[in-house]
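Hi everyone, thanks for coming. Please have a look at the picture on the screen, and then we'll walk through it together.

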Amino acid sequence: MNKPLFRIEAERLAAELGSTAEALLERSLRPILHPDFPTRECFLPDELLEFERRGTLTPDRSQHAESCDTCAAMLRSSSWSGAPNAG
Ligand SMILES: [Zn+2]
């Protein structure tokens with residue numbers, strides 16, 4: 001067998017967790033594939049919903065949105081973004 005070690009380990013863990021090796025690998029590789037996201041500062045789903053409800057960001061969150069392309073994109077794509085002339 002020529003399986004890489006990470007693959008063997010993932011399959012072992014997957015069996016324990018009742019998941020699949022693919023799901024585990026995808027999850028564990030995501031930070032490597034997208035090293036900048038999520039950062040500690042990034043918006044959580046809860047925050048996006050909150051933002052959607054209120055339509056405003058606190059100054060520190062709005063600062064992050066300006067500095068983080070990923071969050072900016074998420075905010076733009078949220079349904080609240082029905083700003084005049086948007087798009
Ligand atoms: Zn972010």
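Let's start at Leu75, which touches Phe51 and Ala65, leaving aside residues up to four places away in sequence. By "touches" I mean a contact: the C-beta atoms of two residues, placed from the backbone, lie within 7 Å. A word on where this comes from: this is a predicted model, where local features need pLDDT of at least 70, side-chain atom pairs count only at pLDDT 80 or more, and totals for chains, interfaces and linings use all residues. Residues are numbered from 1 along each chain as its sequence is written.

Leu75 belongs to the largest nonpolar core, 5 residues in all, together with Phe43, Phe51, Ala65 and Cys71. Such a core is a set of buried Ala, Val, Leu, Ile, Met, Phe, Trp, Tyr and Cys residues joined through C-beta atoms within 7 Å. In soluble globular proteins, nonpolar side chains tend to be buried together.

Now, is Cys71 buried or exposed? Cys71 is buried, because 21 other C-beta atoms lie within 10 Å; buried needs 20 or more other C-beta atoms within 10 Å, exposed means 12 or fewer, and partly exposed is in between, with C-beta atoms placed from the backbone. Cys71 sits in helix 5 and touches Cys42, Phe43, His64 and Ala65, again not counting residues up to four places away in sequence. Glu41 is 30 residues from Cys71 along the chain, and their C-alpha atoms are separated by 9.6 Å. Over the whole protein, 7% of the 87 residues count as buried.

Let's step back to the helices. The protein has 5 helices and 0 strands; these are DSSP runs numbered from the N terminus, H or I of at least four residues for helices and E of at least two for strands. Helix 4 and helix 5 (residues 69–77) pack at about 105°, with axes 5 Å apart. The residues making this contact are His64, Ala65 and Glu66 of helix 4 and Cys71, Ala72 and Leu75 of helix 5.

Finally, how confident is the predictor? Its confidence in each residue is pLDDT, from 0 to 100, and the mean for the protein is 76. Over residues 80–87, pLDDT stays under 50.

Conventions: pLDDT = per-residue confidence, 0-100. Axes fitted to C-alpha atoms, helices over the stretch in contact; angles between N-to-C directions.
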